[in-house]
Amino acid sequence: MTDPLVIFTPSGKRGHFPVGTPVLTAARQLGVDLDSVCGGRGICSKCQVSPSYGEFSKHGVTVQPDALSAWNSVEERYDNIRGLPKGRRLGCQATVQSDIVIDVPAESQVHRQVVRKAASDRVITMDPATKLYYVQVAEPDMHEPTGDFERLGEALTAQWGIGPTTAPLPVMRRLQPALRKGKWAVTVALHKGHRDAQHRVLDIWPGFHEGRIYGLAIDLGSTTIAAHLTDLRNGSVAASAGIMNPQIRFGEDLMSRVSYAMMNPGGDVEMTDAVRTAIDTLTVDLAGQAGIEPDQIVEAVFVCNPVMHHLLLGIDPVELGQAPFALATSNSISLDATELNLSGMNSAARVFILPCIAGHVGADAAAVALSEEPDKSDDLVLIVDVGTNAEILLGDRSRVLACSSPTGPAFEGAQISSGQRAAPGAIERVEINPDTKEPRFRVIGSEVWSDEPGFDEAIATTGVTGICGSGIIEAVAELRMAGLLDSKGLMGSAEQTGTERMLPEGRTHSYLLYDGTAENGPKVTVTQGDIRAIQLAKSALYAGARLLMDEMGVDTVDRVVLAGAFGAHISPKHAMVLGMIPDADLDKVTSAGNAAGTGARIALCSVAARDRIETLVRNITKVETAIEPKFQEHFVNANAVPHATDPFPKLRA
Ligand code: FES
């Protein structure tokens, strides 16, 4: 007689197993995603399944009510103490008796996590470097004199197949009380990075530990530090927050921070201390937001540009300010959080920093590559992470190129006369009527356009405070489309343009976008200086992209992905009118949101992804914009709006 057929849903995986096989064992043998923290001891309840009974013609089986074993004493004890939901069984206790269809509910599947992105969802396999294990350790014996830690290691090997294990001294100090309090059973948080030879105990609790462990995915930008507090069991985000990078007081952009380090002895140490303190503050804030203890944070993954990378590590970034822009190290780095003096998380927490691609192309660009996977794309994709420094990737399955381009802070609203960061009250959307030359706009925090009824009420609390990066891009592009700005980027007078909104300003002119009132805020104008700043920024961006296209030997790209928090808010049409990005079908220009942050989350949730990005980074061809003579030529040509020589046929269509 053949062994009973076991079918798991929703995976559809199936196989024959002898009568008496635990459901958890069958799931493991078939590769079904079914959780277990206690190793099948009926303690954690993570292995819950829902057996289905009746006729399943699709599968050709009829399932009898006794297809699984009756409740055993372990399940009864669990149900008495904690209660099992109706229809649920513990997969580690219930055994197969005859043909059975078993559903694995979503909360019992932990190895599949959907990472939500702006344009698409990405499914990653949960495989974090740090996991919890419940283990029963042999009691000490005078005749077998081994240490408690050695017996813990033996138990981990016997019960979980785990190899050599080590522990830092502070954890070792807590081992003996935990073992005795837990009556020789403990839960340990074990960490093993992709290049580690040994597991490392990061924390220990007596008995079965109900609590959860978390990791931080941190995008350490020159302007903003953004972090996601992530549950390491299932990859869900418990809290997200961002703060300004306090290093701004030492210089707005990267090169001014490198200059600060060059010109002020100890300046690099000041900047290192400032950013580490900010990370501690952010960590504690996130823990508070999620209602967890900072000790529960056992890992952090960082993505950052090379200057931030060095300053985080406490390495003087001076070499990054001059050719050949040598990194102290380009490999990924694993280390203890305490080595970075980070004190906002568990004292044994581990840190992983993604590899840098080159002296100007950092771990943030590597994270974008991990998130957007240009190396798996059939069509040629240009990925632009827009920030104070733009990271640019171009590639497909055959080859991936990368460079960075110094766009400066204009896209973030800095260097703009009425500019501000994206915050409530900032103008973010602009339209200019080509016939009347009159503007309409929308501010962050309001859904109502300025020429619609209810606008004044909609902005009653915020007012109109200035214009942010996406707003100024739209304003300049709209000025061009309305005939108020020529291809060189010059605005005419009121007489030349036929609109009183064009105000004289010295020998140039400004366009009055919003004639502010005392209650609603200041005047917002677009000055000739603003247009110049945007021209410089967009020329740098375009020239970087064009340089990669030269290297690839192409004049067009199939797709454009705008990444970065700012990239998510840019209108593709206006970006193209401005000549920020090369000509492409507008429906092939998409936003990826904070792709660097997504890459950090992926690396936090998957050890395999850490391995993958190291291989990918080794295969990316780096193009250095700073020493490439063609860059200057592309930059000058890109000053025109949209461009002096490159055609934009899709834009005209
Ligand atoms: Fe822990 Fe079943 S695996 S209760």
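Reader: Which residues in H8 meet which ones in H15?
Author: From H8, Asp364, Ala367, Val368, Leu370, Ser371 and Glu372 meet Ala595, Ala596, Thr598, Gly599, Ala600, Ile602 and Ala603 of H15. Two residues are in contact if their C-beta atoms, placed from the backbone, lie within 7 Å. This is a predicted model, where local features need pLDDT of at least 70 and side-chain atom pairs count only at pLDDT 80 or more, while totals for chains, interfaces and linings use all residues. Residues are numbered from 1 along each chain as its sequence is written.

Reader: How do the residues of that contact divide into nonpolar, polar and charged?
Author: Eight are nonpolar, three polar and two charged. Here Ala, Val, Leu, Ile, Met, Phe, Trp, Tyr, Cys and Pro count as nonpolar, Asp, Glu, Lys and Arg as charged, and the others, Gly among them, as polar.

Reader: And at what angle do H8 and H15 pack?
Author: About 75 degrees, with the axes of H8 (residues 363-372) and H15 (residues 595-605) 7 Å apart. Axes are lines fitted to C-alpha atoms, for helices over the stretch in contact, and angles run from 0 to 180 degrees between N-to-C directions. H8 and H15 are therefore roughly perpendicular, a label for angles of 65 to 115 degrees.

Reader: OK, new topic. How many helices and strands are in the chain?
Author: There are 18 helices and 31 strands. Both are DSSP runs numbered from the N terminus, with at least four residues (H or I) for a helix and at least two (E) for a strand.

Reader: What's the strand order in the six-strand sheet?
Author: E30-E29-E20-E21-E22-E31, an open sheet with mixed pairing. Two strands pair if DSSP finds at least two bridges between them. E30 (589-593) and E31 (621-622) are the edge strands, each pairing on one side only.

Reader: How many bridges join E22 to E31?
Author: Two, and E22 (residues 400-405) runs parallel to E31. Leucine 401 has threonine 621 in E31 as its bridge partner.

Reader: Which helix lies across E20, E21 and E22?
Author: That's H12 (residues 528-552), running at about 155 degrees to E22.

Reader: What about the three-strand sheet, what's its order?
Author: E24-E23-E25, open and mixed. E24 (439-443) and E25 (466-467) sit at the edges. E23 (residues 426-432) pairs with E24 in the antiparallel sense over five bridges, and valine 430 has phenylalanine 441 of E24 as its bridge partner.

Reader: Which helix lies across E23 and E25?
Author: H10 (residues 469-481), at about 15 degrees to E23.

Key. Parallel < 35°, antiparallel > 145°, perpendicular 65-115°, else oblique.
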